[in-house]
Amino acid sequence: MVIVVRNDNFNQATVFTADGSRRLGIVGGKSRATFRLEWHLPEFQLRVRLLAVGEILSQRWSVGAGETWEFVIPANCCRPSVARSGDPGAAGADHRAPGLPAGRG
């Protein structure tokens with residue numbers, strides 16, 4: 001699974017799995033980072049700690065092998081959005097979900 005985090009906020013973001021068992025990495029303010037991880041469960045959830053702001057906990061969303069998800073932290077904070085691409089059979093698909101992850105689009 002590939003997770004692209006686009007941080008449109010000025011604050012640095014540290015990205016974790018929701019339960020805190022894996023720290024994926026840091027995304028500087030106004031930048032993006034790509035994280036690759038083995039994930040064998042049918043659902044996924046992120047926890048993001050924004051420096052000097054607090055935490056964002058996404059809803060759980062359904063994931064599949066080979067998918068790429070984009071997690072967007074907006075400039076005005078605390079209402080991130082997620083998009084999925086890499087749908088098998090739908091090359092280049094890009095599904096956007098408003099607000100926190102709403103699952104498959």
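This is a predicted model: local features need pLDDT of at least 70, side-chain atom pairs count only at pLDDT 80 or more; totals for chains, interfaces and linings use all residues.
Residues are numbered from 1 along each chain as its sequence is written, and side-chain values use heavy atoms, with hydrogens and water left out.

**Overall picture**
- Of the 105 residues, 45% count as buried (under 20% relative accessible area; exposed is over 50%, partly exposed in between, with a 1.4 Å probe and protein chains only).
- Take the contacts (heavy atoms within 4.5 Å) with a separation of 6 or more: 45% of them come from residues 24 or more positions apart.
- The chain exposes about 5,500 Å², with carbon and sulfur atoms supplying 50% of that.

**Aromatic rings**
- There are three aromatic pairs, where rings of Phe, Tyr and Trp (its six-membered ring) pair if their centres lie within 6.5 Å; planes under 30 degrees apart are stacked, over 60 edge-to-face, and the rest tilted.
- W39 and F44 make an edge-to-face pair, because their planes stand at 90°, with ring centres 4.7 Å apart.
- F44 also pairs edge-to-face with W61, at 5.6 Å between centres and 80° between planes.
- F44 and W61 are both buried, while W39 is partly exposed at 22%.
- One aromatic cluster takes in W39, F44, W61 and W69.

**Charges over rings**
- For a charge to sit over a ring, NZ of Lys or CZ of Arg must be within 6 Å of the ring centre and within 35 degrees of the ring normal.
- K30 puts its charged end over the ring of F10, 4.7 Å from the centre, and R49 lies over the face of F16 at 4.5 Å.

**Positive phi in loops**
- K30 isn't a glycine, yet has a positive phi of about 55°; this residue is in the loop between strands 3 (23–27) and 4 (31–36).
- A52, another non-glycine, has a positive phi of about 65° and lies in the loop between strands 6 (46–50) and 7 (54–57).
- A52 is exposed at 82% relative accessibility, and K30 partly exposed at 47%.

- E70, in strand 9 (residues 68–73), is buried at 14% relative accessibility.
- The E70 side chain makes a polar contact with the side chain of R32 at 3.3 Å (N or O atoms within 3.5 Å; within protein, one must be able to donate a hydrogen and the other to accept it, and residues adjacent in sequence count only if both atoms are side-chain atoms).

Definitions and conventions. Helices (H or I, at least four residues) and strands (E, at least two) are DSSP runs, numbered from the N terminus. Accessible areas come from the Shrake-Rupley method with a 1.4 Å probe; for residues, only the protein chains shown count as cover.
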